[in-house]
Amino acid sequence: FGILFLDLDHFKLINDSLGHNVGDILLQEIGKRLSKSMRATDTVARLGGDEFGILLENIDDIRDATQTADRILSVLAEPIDLEGAETITTASIGIMMNMPGYNDPDEYLRDADIAMYRAKARGKARYEIFDQAMRDYFMLRLELEYELRLAIEREELTLHYQPIVSLENQKVIGFESLLRWFHP
């Protein structure tokens, strides 16, 4: 099986500019389009907000999942009439394939979500396939943010000023400040 984790790009803009009622209409239309474009064995679910999960059962390999993601991107690119305001929406999709070592369905969703965020970071309106390096990166970043917050409390940061020197006349024309972290 495979899991697709889909998040609409720029959905907040729809809610903020056209209103939450129109945003709800858009979500309903997206749900209909997703359901129509899936096989009878697939499951489409709205996970919350503008996020959808799709369970692809009985697929042979990653190509089946990527073809489905391509089909979804095409279906979503078709114009949608939102009470007289025509719009086109895109989505970022994370793909997670069945892998050994997972004990809980939430672990699959977590990793599909990580892949979706990678798709957003790489320009949106696309999909990314999860790999372990993605989770390692997110865990490293989370740890780094946590340790940086502690660095302030532990006074591990020191401020230094560095002169900016003109190459023409060798005179100091300014300073830049540098924050150095002395991490244990």
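In this predicted model, in which local features need pLDDT of at least 70, side-chain atom pairs count only at pLDDT 80 or more, and totals for chains, interfaces and linings use all residues, F5 stands opposite G53 in β3. Residues are numbered from 1 along each chain as its sequence is written, and side-chain values use heavy atoms, with hydrogens and water left out. Helices (H or I, at least four residues) and strands (E, at least two) are DSSP runs that are numbered from the N terminus, and two strands are said to pair if DSSP finds at least two bridges between them.

**The open sheet**

- As a general rule, the strands of a sheet pair through backbone hydrogen bonds, either parallel or antiparallel.
- Five strands make up an open sheet in the order β2-β3-β1-β6-β7, and the pairing within this sheet is mixed.
- The edges are taken by β2 (43–48) and β7 (127–129), each of which has a single partner strand, so one side of each is left without a neighbour in the sheet.
- From one strand to the next, the twist averages 20°, where axes are lines fitted to C-alpha atoms (for helices over the stretch in contact) and angles run from 0 to 180 degrees between N-to-C directions.

**Helix α3 across the sheet**

- Helix α3 (residues 62–76) lies across β1, β3, β6 (91–97) and β7, and its direction is at about 165° to that of β6.
- The expected span of a helix is 1.5 Å times one less than its number of residues; for the 15 residues of α3 this gives 21 Å, which agrees with the 21 Å between its end C-alpha atoms.
- The buried residues of α3 are A65, T66, T68, A69, I72, L73, V75 and L76, where buried means under 20% relative accessible area, exposed means over 50%, and partly exposed lies in between (1.4 Å probe, protein chains only).
- Among the elements that cover these buried residues are β1, α2 (20–36), β3, β6 and β7, with contact meaning heavy atoms within 4.5 Å.

**Salt bridges**

- The structure holds 12 salt bridges, each being a side-chain nitrogen of Lys or Arg within 4 Å of a carboxyl oxygen of Asp or Glu.
- In one of them, the side chains of E29 and R33 meet at 2.9 Å, N to O, and because these residues are four residues apart in helix α2, they are separated by about one helical turn.
- E29 is partly exposed at 26% relative accessibility, whereas R33 is buried at 13%.
- Another salt bridge joins the side chains of R122 and E128 at 3.4 Å, N to O; here R122 is partly exposed with a relative accessible area of 47%, while E128 is buried with 9%.
- E156 and R154 also form a salt bridge, with their closest N and O atoms 3.9 Å apart, and in this pair E156 is buried at 11% while R154 is exposed at 51%.
- Salt bridges that share partners join D7, D9 and K120 into one network.

**Loops and the hairpin**

- D9 lies in the loop between β1 and α1 and is buried, with a relative accessible area of 3%.
- If residues up to four places away in sequence are not counted, D9 touches T89, T90, A91, S92, K120, K124 and A125.
- H10 lies in the loop between β1 and α1 (11–18), and its phi is near 65°, a positive value in a residue other than glycine.
- E155, in the loop between α5 (132–153) and β8 (157–165), is not a glycine either, yet has a positive phi of about 55°; E155 is exposed, with a relative accessible area of 68%.
- β8 and strand β9 (residues 172–181) pair in the antiparallel sense over nine bridges, and within this pairing Q162 stands opposite E176 in β9.
- Six residues lie between β8 and β9 in the hairpin that they form, and Q170 in the turn has a positive phi of about 60°.
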